Amino acid sequence: MNTVVFYDDTGRIVKVKHSAKSNIKLATDNTKFNYICFDADDPVDTDRKFVEDGKLVDVPPQPSKWHKFDFTNKTWRINIDFAKQDKFQEIDRARKLHELSSFEWGGYTIPSDESNQRLIHSLSRLAQERDKSAVLWLTDNSGTERRYEADCCIDIGL
């Protein structure tokens, strides 16, 4: 059994073929890629490797998740677009967690998802206009319903 490692001009491995010796010539005759043949019964380890000077070489450890290996220069290069996108997603997740999670008020946990935020805002405005009918019913994380009068609505809104 032989193994053929096909690679492009930069050394990036594009395909690995395991075959009998008689089939190797067919696999290598009409290829546009460079290749190395290994005469071994054991599989050839090509994970995280590239080809340089006709030999398999380990890709150095990745400095960060935002780096991409540049096979032409054989170095890691930071992928700015990916790093920016990843950071924006991290900020967005943190913002949503901060804005849409619950908060503590008066010893109770008040849910503040979008619908509860609208309700709290509306009742706070009613209460600020001295409408004493403004009453807020909220169910906290434990499933307990609480009633908040107009003055409380203003404080919760704040």
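This is a predicted model: local features need pLDDT of at least 70, side-chain atom pairs count only at pLDDT 80 or more; totals for chains, interfaces and linings use all residues.
**Exercise 1.** Work out how the rings of Phe50 and Phe71 are arranged, and what their pairing ties together.

*Solution.* 
- Look at the geometry: the ring centres of Phe50 and Phe71 are 6.4 Å apart, with 80° between the planes.
- Rings pair if their centres lie within 6.5 Å, and planes over 60 degrees apart count as edge-to-face. That's what we have here: Phe50 and Phe71 form an edge-to-face pair.
- Now place them. Phe50 sits in strand E4, while Phe71 is in the loop between strands E6 and E7, so the pair ties together parts that are 21 residues apart in sequence.

**Exercise 2.** Find the cluster of ring pairs that Phe50 and Phe71 belong to.

*Solution.* 
- Take another edge-to-face pair, Phe69 and Trp76: 5.3 Å centre to centre, 70° between the planes.
- Check burial, which means under 20% relative accessible area. Phe69 has 8%, so Phe69 is buried; Trp76 has 18%, so Trp76 is buried too.

**Exercise 3.** Decide whether each partner in the Lys65–Asp86 salt bridge is buried or exposed, and say where they lie.

*Solution.* 
- The two side chains meet at 3.1 Å, N to O.
- Lys65 has a relative accessible area of 51%, so Lys65 is exposed. Asp86 comes in at 11%, so Asp86 is buried.
- Lys65 lies in the loop between strands E5 and E6, and Asp86 in helix H2, so this pair also ties together parts that are 21 residues apart in sequence.

Methods
Residues are numbered from 1 along each chain as its sequence is written. Side-chain values use heavy atoms; hydrogens and water are left out. Rings of Phe, Tyr and Trp (its six-membered ring) pair if their centres lie within 6.5 Å; planes under 30 degrees apart count as stacked, over 60 as edge-to-face and the rest as tilted. Helices (H or I, at least four residues) and strands (E, at least two) are DSSP runs, numbered from the N terminus. Buried means under 20% relative accessible area, exposed over 50%, partly exposed in between (1.4 Å probe, protein chains only). A salt bridge is a side-chain nitrogen of Lys or Arg within 4 Å of a carboxyl oxygen of Asp or Glu.
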